[in-house]
2 protein chains.
Amino acid sequence: MRVTTLANGVRVVADPAPGYETLALSVAAGRGARQEDEARSGWSHLLEHMVFKGAGARSARDIVETIEARGGSVNAATGYERTSFQVRSLADGLQLGMEVVADLVLRPTLDPDDLEREKLVVAQEIAEAADTPDDFVFDLAQGAAFADQPLGRPVLGSEATLAGADSASLAAWRARLYAPDRLVVSAAGAVDEDELLALAERLFGAAAAAPDTPFHPAQFTGGSVAQRRSLEQAHLVLTLPGVGVTDPAYFALRLFAEALGGGMSSRLFQEARERLGLAYAIDAYAESYQDAGMLGVYAGAAAANAGKLAELVAVEILKLAEAIPADELARAKAQLKASLFMAREGLAARAEQAAAQLLAFDRVLPTAEIAEAIDAVEPADLARLAARLLGERRAAPAVLGPAKALAAAERFERALFG
Amino acid sequence: MRVTTLANGVRVVADPAPGYETLALSVAAGRGARQEDEARSGWSHLLEHMVFKGAGARSARDIVETIEARGGSVNAATGYERTSFQVRSLADGLQLGMEVVADLVLRPTLDPDDLEREKLVVAQEIAEAADTPDDFVFDLAQGAAFADQPLGRPVLGSEATLAGADSASLAAWRARLYAPDRLVVSAAGAVDEDELLALAERLFGAAAAAPDTPFHPAQFTGGSVAQRRSLEQAHLVLTLPGVGVTDPAYFALRLFAEALGGGMSSRLFQEARERLGLAYAIDAYAESYQDAGMLGVYAGAAAANAGKLAELVAVEILKLAEAIPADELARAKAQLKASLFMAREGLAARAEQAAAQLLAFDRVLPTAEIAEAIDAVEPADLARLAARLLGERRAAPAVLGPAKALAAAERFERALFG
């Protein structure tokens, strides 16, 4: 895939795929909630909502009607390190999609009345997340893992921090967040590379530069949180430090998580669910930011089993850290590589992945190169990584549920570190 | 797509797709929780869990390890009218996937100790669903819509009904549920049709016939349910009768739901969220079974807004029932047709859809035929359908949330029927 950089820094990448009748477009800014200080928490997400209320000459209704009238859809997502605007459409929809997204990203109206109404909508989104235990417990763990840092605060912010945003401050925030040298235009499927380039030049080539917000390195502080709630189940998210996307041990971390709890043949699924029946849902994941990360396990369990389950997770982490059997590493590698291929079959994932890689690595990684990097990981790499992460002697367990489940957080830490 | 029927009734369909490096296999039985009387509620889902505990000569661990070791995955899902076993794998995984699934479907071990342990796992799955308000409110609405019928009971069953299942009764249930004349083998992607046929013949060709459970027509009874729970938000599912998949008005129903609340340009999204800020999430859907269906709206809203929102949904349904503007119908058609194309880009969806169509219509519907059927719907068809559904004067609203939200269910019915 060839990457073209416009004069103002906007990068453009096309991934044309024969045989597809539709396309996916992703315009992604390599900034997000991680840029927010405490007072601005949630502003990036609020801004992403607000651009849909009016942009360029388009009303809120026009923005979506013009795309949906032709069978397309437009969406957006705000993360800690990336904000993406995504269009799915039939093959003839590239120009329209690009024009609409250019308005959203560069010329949002940010009307004050709309802003006050949208704050109420986001308040409901915050309430909806709080009502969903297996969402909320992740927020708790994130806050414990990265205490007093942007990565530890919810992307949605809070009613209090959103109250401080007005049209002028959001406009200034937009200029920084979506500045052209942090912006990528990526399209996959039924797209013509020349057409995409010409559109990008015309629609994004004149976007004005803006100073970046300062970069603050992230620090996995650790911490333990146990919150009582009257629920049928206990919900646990048990995390350890991980590594960032550019860390040489990145794939070792992914493979560790895969072997630990990545599929039905993983250690946690086999032990906790199949052998002991301690949980219905249990899985492990690796989350990596630019310079930091997490290894995490989510589980839902009967309150009476929560402590036992947390201990089992700690024990399995320690066992895997000591030595990973060759067949388990081979299986983790096969799983991770296959998921690469399968992800490439979805156009939306394909466009988004190219954008994410450009933003993280300044280039698009060929699938074969990723597969080679995965294959190159040795058992000793996993052992070294695990020793390094456990050596920090920090964890961030979060438990949400009935009172008798709450000791599980402490039991996890005690089983890990004595 | 050519459909081959084996001597014992098993149907086989292949959808080879050039350019794909992976495949999706779906072995689907056209039966599910709808076959269960009250005492057997949840048995189909429990059986689907149990086959993974051991089948043929394979242990629980072997079943998943053998597939996952080569980068594949195996899953299953139980619905009211269909139970599916799905494999995703690289191109070389067809034979292994078929062999494993044949064991799961035809030769599960159903060990009594495993069964008792698995009942505890399903109990946790039931508890997890109860903890998730935007899952649970759908169960409430389903129960109100189809009171005292299998379609009104949760697919998961209850601890009480699962207690009644033993190995022998599950074995008998399996023979009926997965009988060959209700079974479809469907594969898409990097598959060879001749290989698939040969494998199906060898692995499923000798499966023994079994009498079917009797078919009881479904009846949308209607009913109202309001359940108090201490939550941040009120969660609403507001339903009306719909039509079955073989009803001539099927696509009119789909288009009605699409226009009502299918995208960001839909009436409900524009009115409830964009103009009034009454909800963060709101959307409409059509659910169709063989002979019955539902038109539904889900919304999450602040408790104080729930009543107003329910009334607004009723008013928008009535307005749309009177007349649908040409541009709104055109947009709904474009959306529905585009979603057809996009769904075909995912191999798992493609294999599953072919299986579902064979089970429902005894043939696979060409995409072009579906697109034509959608195009043929006239505004008068929607008006006629709406008059028919509203004419039943039955609704099934469900509200879950704080006390002051609970009157919303009644307000919905009053606004609809006076």
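## Ground rules

Residues are counted from 1 along each chain as its sequence is written, while chains get letters from A and ligands get numbers from 1 in the order they are written. Since this is a predicted model, local features need pLDDT of at least 70 and side-chain atom pairs count only at pLDDT 80 or more, but totals for chains, interfaces and linings use all residues.

## Two copies, one axis

Let's start with the big picture. Chain A can be laid on chain B with an RMSD of 0.0 Å, using a turn of 180° and a shift of 0.0 Å along the axis. (The superposition is by least squares on the C-alpha atoms of residues with pLDDT of at least 70 in both copies.) The two copies are therefore related as by a two-fold rotation axis. Within chain A, A:Thr132 has the C-alpha nearest that axis, 2.8 Å from it.

## Where the chains meet

How many residues of chain A are in contact with chain B? There are 56, and they meet 56 residues of chain B; "in contact" says that two C-beta atoms, placed from the backbone, lie within 7 Å. Several elements of chain A each supply at least two residues to this side: helices H2 (60-68), H4 (112-131), H5 (133-145), H10 and H12 (326-343), plus strands E7 (83-90) and E12. Helices here are DSSP runs of H or I with at least four residues, strands are runs of E with at least two, and both are numbered from the N terminus.

H4(A) gives the most, with nine residues. Sorted by class, this side of chain A has 24 nonpolar, 15 polar and 17 charged residues. (Ala, Val, Leu, Ile, Met, Phe, Trp, Tyr, Cys and Pro count as nonpolar, Asp, Glu, Lys and Arg as charged, and the others, Gly among them, as polar.) The same surface serves both copies, with 100% of the contact residues of chain A recurring in chain B.

## Two domains in chain A

Chain A is divided into domain 1 (3-204) and domain 2 (225-417), with bounds that come from an automatic or database domain assignment. Their C-alpha centres lie 28 Å apart. The contact takes 34 residues from domain 1 and 27 residues from domain 2.

On the domain 1 side, strands E2 (11-16), E3 (22-29), E7 and E8 (183-189) and helix H5 each supply at least two residues. Which of these gives the most? That's H5(A), with 10 residues. By class, the domain 1 side has 20 nonpolar, eight polar and six charged residues.

H9(A) has 12 residues and reaches 17 Å from its first C-alpha to its last, close to the 16 Å expected at 1.5 Å a residue. (The expected span is 1.5 Å times one less than the number of residues.) Because 11 of its 12 residues are buried, H9(A) is largely enclosed by the rest of the structure. Buried means that 20 or more other C-beta atoms lie within 10 Å of a residue's own; 12 or fewer makes it exposed, anything in between partly exposed, with C-beta atoms placed from the backbone.

H10(A), residues 267-275, is mostly covered, with seven of its nine residues buried. Among them are A:Arg267, A:Leu268 and A:Phe269. The buried residues of H10(A) pack against H9, E11 (281-288), E12 (293-302) and H11 (306-322) of chain A, together with H2 and H4 of chain B. After H10(A) comes A:Gly277, whose phi is positive, near 60°.

The largest nonpolar core holds 292 residues. (Such a core is a set of buried Ala, Val, Leu, Ile, Met, Phe, Trp, Tyr and Cys residues joined through C-beta atoms within 7 Å.) A:Leu236, A:Phe256, A:Leu309, B:Leu236 and B:Phe256 touch the most other members. Leaving out residues up to four places away in sequence, A:Leu236 touches A:Val137, A:Tyr298 and A:Leu309, among others.

A:Leu110 is found in the loop between H3 (94-106) and H4 of chain A. Its phi is near 55°, a positive value in a residue other than glycine. With 23 C-beta neighbours inside 10 Å, A:Leu110 counts as buried. By contrast, A:Leu96, in helix H3 of chain A, counts as partly exposed, with 16 C-beta neighbours inside 10 Å.
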